[in-house]
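Colleague: Could you walk me through this one? I would like to start with a helix and then move on to the chains.

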Amino acid sequence: MFTAWLISLGIAFFHYFTCEFPYRIYIRDYLDYPGMFILPHNSFSMWLGFDGASFYLALSYLVIPVLASFPFAGSFLQDKKTGYLKNVLSRATRIQYGVAKYFAVFISAGTIAVTPLLADFLLSSATYPYIGPLPAEGCFGVYETTMFHSLFYSMPYWYVVAFLALNFVFFGALATLSLCVAFSVERLFFVELFPFLVYFILYIALNVFNLVQYCPFFFLRPDQGVECNPVFVLGVTAALLVGSFLFYAFHMKHEDVF
Amino acid sequence: MKRKTACFSHVLLHDIRYSILISWKKYLALFLVTEAIIGALMVRIQSDCQLGMVLPPLTAGDVLTYLLSGAKIFRYGAGIPFEIPYIWIFIYLMIAFIVGENHANLMTSRYMELLLSQEKHRWWASKCIVTVLDVLLAYVTIFAAVGISLFWGIKPVLKISPDIMKALIWKAFTLKPNQWTVIFVLLPILTSVCISLLQTVSILFFKPMICFAGVITLLVVSLFYCNPAVIGNGTLPLRNTILPFEGTIRTLDVALADAVLIVASIIIGNIKIKKVDLLSEV
Amino acid sequence: MKIEMKDYCKTLRGAEVLKHINMTFTSGNVYGLKGQNGCGKTMMMRAICGLILPTSGEVLIDGKVLGKDMSFPESVGVLIENPAFINAYTGFKNLRFLADIQKKITDEEIREAITEVGLDPDDKRSYRKYSLGMKERLGIAAAIMGTPELIILDEPLNGIDESGVEMIKKLIADLKEKSKLVIMSCHDAEDLYSLCNVVVNVSAGKIISTEGEAK
């Protein structure tokens, strides 16, 4: 958990020190020349979540499913293989074990998923002033066809919170898919990487069929840049969460433990 | 000497069989997805023709170029969003996945194979060769997918059409066959072998998942930085100086960098495997 | 075959797991390692196989230094913890797959090894469907197939039924008759003393005493 969390924190720090920290000197220009036409850098425009021009955001959204699964996604399979599961089930009920395992995977994955965005936002807020985003800036990728656009221009902090929550829930639920597949697959590497495979296959398939607006790689990003229906996004996230939980709960209750 | 050579070939054959046993479904997935991408390409060309564009029939060369082209040079700060070419990332992550799964329990429960191999350097040499074969087999799978698509009306010639290139990759260009082979096939294979060997040797030090994340990072950083020292650029033929896309990647520079890293990975792996304790954790 | 451990010390993650081990093992004997859990029995076995390297000291096999002159003993069969077999393959196919690494072991020898441990070489069930005892027996079969000169068995009687235990005892006795070198560990003192002509008492990474005489 610590390694994965450290790596995700590293993404935030690298982004901050290469793409944000060097440009803080330009804030002084706006103080010295108040008549300047262009808007100054602010905590939103410099945030990782809106930095679609550097590779950090794209890298985050490719690496996060892997890092999120790293801590506990394979733990259920390992418990089965080592026989630890038998030790636990002789002392606790299946439901207790199952729920605890599910939440451990969900929460650890969600935490690692939001760490780059959250850490970077805190750093950029500590460095750059708060200036409410304006549509005229044109650098945010949030338009009237994207999700939560009115929230972004009226209450931008809540927009950030909304996306952090969305990422937390989605990646947490995605990581729990490894619990579901552990019932039928015994290769640890495959089980741990299964959430990433599902995410990546969706990315490829939706690109092939030119349906990128339905792709989690795009609709989970704060800068979006694609037409997204919030009902669809929230529905998919909820379906993933509920579906994986139900599947896992059903099999946990009825599966034989060898 | 003859007995030891015979033993090495057995070790190698064993590893090849194990690798194919574990990975054949992934090669099948690679094949099927490549076929789907080719199908989507044909649909796109057809719809472009219906919209009035005059395009010659697709050739195998066009299809392979489209699949293996990667991305042009990226210029940061020009207001252009950073995008990842999905076909390119799919091919190389699939290779990374195959290599990762083959070697995932290298340091744990496969100790019996190591003992039966008799010599650690022999075992490691076999692993390196299998990694190279994994990469080659992935490319063979892609070529096979293109080969199958010839039955859908694609012309079986390697010549690339400038008009098709303009429609697909935004600029018309042609290449001599030997130039095309070098920058679209040989150099990417060499770079892919380099990346895969780096992944294999890093599995001796770190968990396989972290190594896989490392490969993703390397590929994405290569897209951003057009520099032969960032080795993933060898898999991006459009950045080669031979092509008119303002690339700065010279074939020789990349080949040299790859060769150095390949040799370094093999040596580092050999040193590590001689010193490592095999404690067979699950 | 003669194996000598000379002042062998091993430190792992800051803990000294083996301390100044001095011991000689010779063919035609069955050596039993006895001690509490975590005393270093398995570590000693790993050291003899060459799976771990010493912090100081050495292991000599017929005068050659393990880890320098050779990576592993030339003729060895090992059962330490859970070996990896392929779930989709039958028991025979798994052993055939392993044996193909050296191409010295015939199908007949594999069938003989599987039969000696009480399994059926023609069993069509895949390894995935094996019980714990069957998996343990297959591990022993993998260690003894081709009758190697050195056989190392870490708690081979775990999870095996009474008839299986008798079978394996007979197997070990046969190996001793064939002048093989067997090193094993077992928690049942009665089994250990009945099978082994030398019992090595291990505690906290050190050899406390040896009982019995080697031939």
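**Helix, contact and fold**

Modeller: One helix to begin with, H2(B), is followed by Gly70(B), whose phi is positive, near 75 degrees; helices (H or I, at least four residues) and strands (E, at least two) are DSSP runs numbered from the N terminus. This is a predicted model, in which local features need pLDDT of at least 70, side-chain atom pairs count only at pLDDT 80 or more, and totals for chains, interfaces and linings use all residues. Residues are numbered from 1 along each chain as its sequence is written, while chains are lettered from A and ligands numbered from 1 in the order in which they are written.

Colleague: Which residues of H2(B) are buried?

Modeller: They are Gly61(B), Asp62(B), Val63(B), Leu64(B), Thr65(B), Tyr66(B), Leu67(B) and Leu68(B), where buried means that 20 or more other C-beta atoms, placed from the backbone, lie within 10 Å of the residue's own. Because eight of the nine residues of this helix (residues 60–68) are buried, the helix is largely enclosed by the rest of the structure.

Colleague: How many residues does the contact take from chain B and from chain A?

Modeller: The contact takes 28 residues from chain B and 28 residues from chain A, with two residues in contact if their C-beta atoms, placed from the backbone, lie within 7 Å. On the side of chain B that touches chain A, H8(B) gives the most, with eleven residues.

Colleague: Switching to chain C, what is its secondary structure?

Modeller: Chain C has six helices and ten strands, and buried residues make up 44% of its 215 residues. Its C-alpha atoms fill a box of roughly 50 × 35 × 35 Å, taken along the principal axes.

Note on methods. Buried ≥ 20, exposed ≤ 12 C-beta atoms within 10 Å, placed from the backbone.
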